[in-house]
Amino acid sequence: MKTNYFGSTLSADIKASLVVFLVALPLCLGIAVASGAPPMSGLIAGIIGGIVVGSLSGSHVSVSGPAAGLTVIVLDAISSLGTFELFLAAVVMAGVIQLILGFLKAGVLGYYFPHSVIKGMLTAIGLILILKQIPHALGWDKDLMGDLAFRQMDEQNTFSEIWYAIQYFSPGAIPIVLVALGLIIFFEKPKIKNHKIFGLVPGALWAVIAGILINQLYGIIRPSWKLDEEHLVSIPDVDQLSDLSSLVTFPDFGMIGSLDFWLIAVTVAVIASIETLLSLEAGDKMDPQKRLSPSSRELVAQGAGNTLSGLIGGLPVTAVIVRTTANITSGAKTKLSAICHGILLLVLVIGIAELLNLIPLSCLAAVLFFVGYKLAKPSVFVHEYEKGMNQFIPFMVTISAILFTDLLIGIGIGMIFGIFFVIRTNYQKSVSVTELDGMYLVKLQKDVSFLNKAPLMRHLAEIPNGSDVVLNATRARFIDHDIQEVLNDFIETSTDKNITITIEGFNYKLKES
């Protein structure tokens with residue numbers, strides 16, 4: 001078993017961690033800047049999300065880090081409290097609250113999100129990744145890579161940004177993104193991906209290497225096409241390990257007695273927990289091995305991560321679906337890939353920051369294009385449509401809501417529609433009445449609640465005098481007391497209407513007619 005692990009699983013996890021690192025690097029920086037926080041705070045959150053949360057988590061595929069869904073909340077919180085240091089203290093307390101929620105087994109709430117909403121969230125994020133990377137692919141980098149909301153930090157929106165990118169594109173970016181995409185697709189072919197030699201290095205890394213080389217080549221053969229700093233990754237300069245301390249910020253607990261402080265701490269804890277549980281559920285659904293992650297343990301892991309992140313100057317941490325998807329699609333087998341991606345962030349940001357700052361954003365856009373396509377393939381829409389309108393409508397509403405608002409608002413709208421259709425389906429299917437040659441079969445199925453009272457009363461009132469009626473509950477798991485009263489009232493009046501009643505499958509005794 002150990003030989004197999006180090007022979008295949010370790011190799012797969014390290015390859016996946018490289019791809020996740022390349023995805024996480026610009027997102028960590030972009031989310032930090034979009035949140036009004038120092039760029040290093042995003043990298044710190046990414047490192048802790050990988051190493052600390054990854055180690056404590058029970059999930060095999062989930063990857064944690066700073067979340068785009070919290071960007072607006074963080075921006076408003078820093079403004080409300082006055083300083084980033086005061087906000088860090090709120091992050092520490094948010095982590096403590098998450099620890100408490102985890103120990104209280106509150107993670108069970110994650111199992112109650114409708115499938116259609118989870119699927120809609122995944123597909124919407126895939127579409128957002130594709131749409132948001134189009135400007136970067138064209139060399140229009142006015143908006144940050146970490147900004148995934150419809151209304152952007154540069155006061156544009158997703159579609160107006162694409163329009164500006166088409167008008168003001170950088171010609172040097174286009175060959176880079178095309179070559180990068182070609183390499184990623186080529187190395188994803190099964191024969192190449194599973195090859196003993198060619199499969200050792202993921203296509204995303206080859207794409208990044210090609211992007212750097214092409215941009216450097218521009219400087220020799222076509223200087224006007226060379227992409228400058230605005231179009232490249234920008235990591236804070238850390239020449240040596242001792243310089244790292246100057247980039248770390250420590251929390252200020254001076255407002256711990258303030259109501260505003262605790263409102264922000266609770267808000268961050270609750271929103272981060274919801275996003276984590278959603279991402280965890282989505283990751284489990286994408287996991288090829290269909291392993292189930294312990295949700296309450298995940299809250300404990302996230303709580304520990306946020307407590308430490310706040311203490312050393314990092315943004316709030318959640319399980320993040322973009323990195324999780326990149327991890328799964330890159331072939332990760334265990335949580336070692338998440339841990340390794342955190343180690344790569346720590347070591348490479350310190351060790352080769354100058355080299356990483358040569359990576360064109362258009363090249364990383366190609367990596368995110370591929371991740372987005374994996375989430376939003378046309379076959380996903382076809383598959384959900386085939387499940388029927390009760391699944392397809394909430395699925396599409398969730399996608400649309402997330403595309404035109406942001407992740408949290410969109411999920412909230414999707415949840416409302418999802419729950420409505422769950423109730424509607426239960427309302428329609430729990431009670432049925434069929435008639436054959438004057439014999440009426442009243443069938444109660446699944447969970448029959450007070451919501452089914454009105455249609456049941458209507459169906460029973462329509463049964464004509466002198467009929468034979470069978471009340472069947474063999475498939476009912478639960479029958480509400482209100483429903484029992486309706487049935488008993490019907491039985492009591494059946495003699496006056498000359499209705500003969502036969503009772504089948506009830507776990508309690510109905511009144512005799």
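I began with the contacts in the chain, a contact being heavy atoms within 4.5 Å. Of the contacts with a separation of 6 or more, 79% join residues 24 or more positions apart.

I noted that this is a predicted model, in which local features need pLDDT of at least 70, side-chain atom pairs count only at pLDDT 80 or more, and totals for chains, interfaces and linings use all residues. Residues are numbered from 1 along each chain as its sequence is written, and side-chain values use heavy atoms, with hydrogens and water left out.

**Entry 1: the whole chain**

I looked up the overall extent. Along the principal axes, the C-alpha atoms fill a box of roughly 100 × 55 × 55 Å. The chain has 513 residues, and 53% of them count as buried; buried means under 20% relative accessible area, exposed over 50%, and partly exposed in between, with a 1.4 Å probe and protein chains only. I found 20 helices and six strands in the chain. Both are DSSP runs numbered from the N terminus (helices H or I, at least four residues; strands E, at least two).

**Entry 2: helices H10 and H12**

I then examined helix H10 (residues 259-286) and helix H12 (residues 321-329), which pack at an angle of about 15° with their axes 10 Å apart. H10 is therefore roughly parallel to H12. Axes are lines fitted to C-alpha atoms, for helices over the stretch in contact, and angles run from 0 to 180 degrees between N-to-C directions. Angles under 35 degrees count as roughly parallel, over 145 as roughly antiparallel, 65 to 115 as roughly perpendicular, and the rest as oblique.

On the H10 side I listed Ser279, Ala282, Gly283 and Met286, which meet Ile321, Thr324, Thr325 and Ile328 of H12. By class, this contact has four nonpolar, four polar and no charged residues. Ala, Val, Leu, Ile, Met, Phe, Trp, Tyr, Cys and Pro count as nonpolar, Asp, Glu, Lys and Arg as charged, and the others, Gly among them, as polar.

**Entry 3: Thr325**

Is Thr325 buried or exposed? I found Thr325 to be buried, with a relative accessible area of 1%. Thr325 lies in helix H12. Leaving out residues up to four places away in sequence, Thr325 touches Met286, Val371 and Leu375. I also checked Leu232, which is 93 residues from Thr325 in sequence and 24 Å from Thr325 in space, C-alpha to C-alpha.

**Entry 4: helices H9 and H15**

Next I took helix H9 (residues 203-221) and helix H15 (residues 361-375), whose axes come within 9 Å and cross at roughly 160°. H9 is therefore roughly antiparallel to H15. Ala204, Ala207, Val208 and Gly211 of H9 make the contact with Cys363, Leu364 and Val367 of H15.

Which strands form the open sheet, and in what order? I read the order as S3-S4-S5-S6, four strands with mixed pairing. Two strands pair if DSSP finds at least two bridges between them. Strand S3 (431-436) and strand S6 (500-504) are the edge strands, each pairing on one side only. The twist from one strand to the next averages 15°.

S3 pairs with strand S4 (residues 439-448) in the antiparallel sense over six bridges. Val433 stands opposite Val442 in S4. Lastly, I noted that helix H20 (residues 481-494) lies across S4, strand S5 (468-479) and S6, running at about 165° to S5.
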